[in-house]
Amino acid sequence: MTAAPAASPRVASDAPMVEQDAVRLTDEQAEIMARARRVGETLFADRAAEFDRTATFPTANYKDLHREGLLGICIPKSLGGLGAGYQTYSLAAAEIGRYCGATALTWNMHVCSTLWSGPLADDLEMDAAMRATHNARREIHYRRILEDGAIYAQPFSEGGAAAAGSVAFGTEAKPVKGGWILNGKKIFASLAGHANYYGVLCTETEEGEKASRRNTLYLAIPATSEGISVVGDWDPLGMRGTVSRTLLFKDVFVPEDAALMPRGVYYQAALRWPHMFMTLSPTYMGQAQAAYDFTVKYLRGEVPGMPPVKRRMYPTKQIALAEMHIKLQQIKATWFQAVTEARPNPSKDQVLRAYAAQYTTMEGANDLARLAIRTCGGQSMLKSLPLERIYRDSRCGSLMLPWTAELCLDRIGREALYNPGETDE
Ligand SMILES: Cc1cc2nc3c(=O)[nH]c(=O)nc-3n(C[C@H](O)[C@H](O)[C@H](O)COP(=O)(O)OP(=O)(O)OC[C@H]3O[C@@H](n4cnc5c(N)ncnc54)[C@H](O)[C@@H]3O)c2cc1C
């Protein structure tokens, strides 16, 4: 019996989500975006259904991200990374989100460990000694990522108000000689059991001291440390490949060089660099684009695996697609503006726009997926096609703390009507 011929490798053909010339991206930015789009389209798109069906972590995709240098996208060039800033990362992540939501979302958790300790920390205030220690420590983390392909997770959520930024994290780090002893629990920890390091937000608390948000620490703890366990099932509606299980920390010793940010710097970042909480939005921007792209291909009779039946000649379909197009442009324009103006000490307007962009992207992606299913019809939502996965994955976006869709609404309403310190007394 002759072996079946190997499937011919996919060739990248999708256009960039954002045109280089139209928004004046540099060649370097366009190249990083193209790199992300190429791995997404030619490799991740075909694997996404299996990771989703089995709710397993996309390990193969991470090997590709490492090979392409994309695990180190935000690591400064001087330290061997691609040196991407906030906007470039966002554009690349949106390209990945077009093809595999779970990979884009978990890649975001990983990249934040380098974006926040890298370009973002460079914008924050530190004295010379603190800066020197920080630079030496981050090099250790960056080397692991670039040389060994180490993956960093970002478990913040605890099920209370801490991840929303309202109170101190309940996970406690007690200072001891050479480091800390950590105790606590993190829920929905994407990459649980698959990351090499857990970038945990916790509160440094001396014996008898009251927990304060000012004492938040951001520590990258080796996943193999004694006292860490991954518990609970993982069988959710969407974003199934994120494997966001529960992490328990019981008397875990964490060495000093695990700090991804020095004391007090995370608190400073949260106050002065609020766009740091918008880095999940590119995943949903990509999903919005994917829902629209699918609809165009479907109506043109060009979806692989489907009979080449055209439906584009019906005026009803044309109107429906026009409405989707307008919605996509609205989402993209708001989002692009917000990721472009991310900076330290943004104006009130810029912060309100960031909340609006986060809300618009997360809610808009699912709305486009809904419209795509309605427009394409019954055959389009079969499990053999990506649209039903995009519909489920995109629904999960609005739930991400600290900037959930609800919290964005809360903040826009309050901050648009009150200046800092204003009351109605
Ligand atoms: C697919 C997926 C992946 C995820 N990955 C991660 C991850 O990698 N890391 C991570 O840290 N988290 C992750 N999360 C968790 C996410 O960020 C939220 O923490 C989680 O969805 C919150 O659960 P909930 O909606 O049940 O919130 P709840 O438990 O209902 O809300 C959390 C708490 O926030 C507070 N809160 C809610 N609304 C307000 C408000 N208006 N004002 C003030 N406080 C408020 C309340 O005290 C509330 O108890 C992920 C979630 C999903 C769905």
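**Figure 1. Domain 2 and domain 3 of the predicted model, with their C-alpha centres 32 Å apart.** The protein chain is divided into domain 1 (20-150), domain 2 (172-265) and domain 3 (273-417); these bounds come from an automatic or database domain assignment. Residue numbers start from 1 in each chain and follow its sequence as written. The model is predicted, and local features need pLDDT of at least 70, side-chain atom pairs count only at pLDDT 80 or more, and totals for chains, interfaces and linings use all residues.

**Figure 2. The shell around the ligand.** Domain 2 (172-265) and domain 3 (273-417) both contribute residues to this shell, so the ligand lies between them. The ligand has 24 residues around it, and Phe156, Ser157, Ala161, Phe188 and Ser190 come nearest; a residue is near a molecule or strand if its C-beta atom, placed from the backbone, lies within 6 Å of it. Strand 3 (179-189) and helix 12 supply at least two shell residues each. Helices (H or I, at least four residues) and strands (E, at least two) are DSSP runs, numbered from the N terminus. With three residues, helix 12 gives the most to the shell. By class, the shell has 14 nonpolar, eight polar and two charged residues. Ala, Val, Leu, Ile, Met, Phe, Trp, Tyr, Cys and Pro count as nonpolar, Asp, Glu, Lys and Arg as charged, and the others, Gly among them, as polar.

**Figure 3. Packing of helix 10 (residues 348-376) against helix 12 (residues 405-417).** The angle is about 155° and the axes are 9 Å apart. Axes are lines fitted to C-alpha atoms, for helices over the stretch in contact, and angles run from 0 to 180 degrees between N-to-C directions. Helix 10 and helix 12 are therefore roughly antiparallel (angles under 35 degrees count as roughly parallel, over 145 as roughly antiparallel, 65 to 115 as roughly perpendicular and the rest as oblique). Their crossing is left-handed, a term for a near helix turned anticlockwise from the far one by less than a right angle, with right-handed for clockwise. Lys348, Leu352, Tyr355, Ala356, Gln358, Tyr359, Met362 and Glu363 of helix 10 meet Ala405, Cys408, Leu409, Arg411, Ile412, Glu415 and Ala416 of helix 12; two residues are in contact if their C-beta atoms, placed from the backbone, lie within 7 Å. This contact of helix 10 with helix 12 consists of 10 nonpolar, one polar and four charged residues.

**Figure 4. Packing of helix 10 against helix 11 (residues 387-395).** The two axes come within 8 Å and cross at roughly 155°. Helix 10 and helix 11 are therefore roughly antiparallel, and their crossing is left-handed. On helix 10 the contact involves Ala365, Asn366, Ala369, Arg370, Ala372, Ile373 and Cys376, which meet Leu387, Ile390, Tyr391, Ser394 and Arg395 on helix 11. Eight nonpolar, two polar and two charged residues form this contact of helix 10 with helix 11.

**Figure 5. Packing of helix 9 (residues 315-340) against helix 10.** The axes lie 9 Å apart at an angle of about 160°. Helix 9 is therefore roughly antiparallel to helix 10. The crossing of helix 9 and helix 10 is left-handed. Residues of helix 9 in the contact include Lys317, Leu321, Met324, Ile331 and Trp335, and those of helix 10 include Arg353, Ala357, Asp367, Leu371 and Thr375. The contact of helix 9 with helix 10 has 13 nonpolar, six polar and five charged residues.

**Figure 6. Backbone details in two loops.** Pro402 sits in the loop between helix 11 and helix 12. The peptide bond from Leu401 to Pro402 is cis, with omega near 5°. Val243 belongs to the loop between strand 6 (228-231) and strand 7 (245-255). Its phi is near 45°, a positive value in a residue other than glycine.
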